[in-house]
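We will take a short walk through it, one selection at a time.

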Amino acid sequence: MILRQLTARVTKHGQDPYGRFTWHEILLDGTRNLIVVTAYRVSQRRIKGSGPTTSIMQQWRKLRATGIDNPNPKQQMLDDLSSFSTPHLQAGNEVILLMDANDAIDSRPMDEFLNSLNMWDLMADFLPSKPPSTYQRGSKKIDHIVGTQGILFATRRAYILPFGPDSPKSDHAICGIDVSLDLLC
């Protein structure tokens with residue numbers, strides 16, 4: 001998306017200091033921006049039993065180095081994404097978040113996170129009531145595309161490509177949405 005018709009509209013981009021998410025700011029209409037965030041949230045709820053080179057241990061060490069005595073990387077990710085998103089939302093911008101959440105959308109942490117930011121599951125209206133698993137060895141949809149109300153109203157289609165011999169080689173399914181840029185702009 002950003003490499004084609006929107007390339008000239010990208011005004012800023014960056015990543016968080018722990019490598020958990022990246023973002024692009026795209027000019028919509030001269031006054032509002034679209035903030036596109038891609039994020040990874042660790043799967044483990046605690047560090048006990050995690051190897052020294054796992055993502056959770058890397059994040060745990062980095063968070064400890066910032067002065068957090070007993071970090072919880074899985075929850076800290078949501079807290080930091082909330083802190084990042086809030087100023088953009090207060091400025092009237094649209095935010096879309098594509099996340100390997102390693103949790104179902106209706107889990108308590110995800111539900112509280114989405115409610116605190118007034119964001120919606122952009123895929124829900126287009127998928128079956130029990131959506132397919134997005135992790136090959138799992139039974140739940142743990143990869144999500146969520147966003148603000150403007151994105152929700154501009155979403156025209158959502159899909160999860162099934163696993164199979166013709167799908168990309170990954171342990172996660174490909175999730176996507178189609179958004180009307182005319183409605184957003």
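Searching the whole structure turns up two cavities of 30 Å³ or more. A cavity here is a set of points on a 1 Å grid over the protein atoms alone where a 1.4 Å probe fits but cannot get out. This is a predicted model, where local features need pLDDT of at least 70, side-chain atom pairs count only at pLDDT 80 or more, and totals for chains, interfaces and linings use all residues. Residues are numbered from 1 along each chain as its sequence is written, and side-chain values use heavy atoms, with hydrogens and water left out.

Select Leu161, Pro162, Phe163, Ser167, Pro168, His172, Ala173 and Ile174: they line the largest cavity, meaning each has an atom within 4 Å of a point. Its volume is about 40 Å³, the space filled by probe spheres set on the points.

Next, show the strands (DSSP runs of E, at least two residues). In what order do the six strands form the open sheet? The order is 1-2-3-4-6-5, with mixed pairing; two strands pair if DSSP finds at least two bridges between them. Strand 1 (10-15) and strand 5 (120-121) are the edge strands, each pairing on one side only.

Now zoom in on residues 94-100, strand 4, and residues 143-147, strand 6: they run antiparallel and are joined by five bridges. Pick Asp100, and you will find Asp143 of strand 6 opposite.

Conventions
Helices (H or I, at least four residues) and strands (E, at least two) are DSSP runs, numbered from the N terminus. On a 1 Å grid over the protein atoms alone, a cavity is a set of points where a 1.4 Å probe fits but cannot get out, and a pocket is an open set with protein on both sides within 12 Å along at least five of seven lines; lining residues have an atom within 4 Å of a point.
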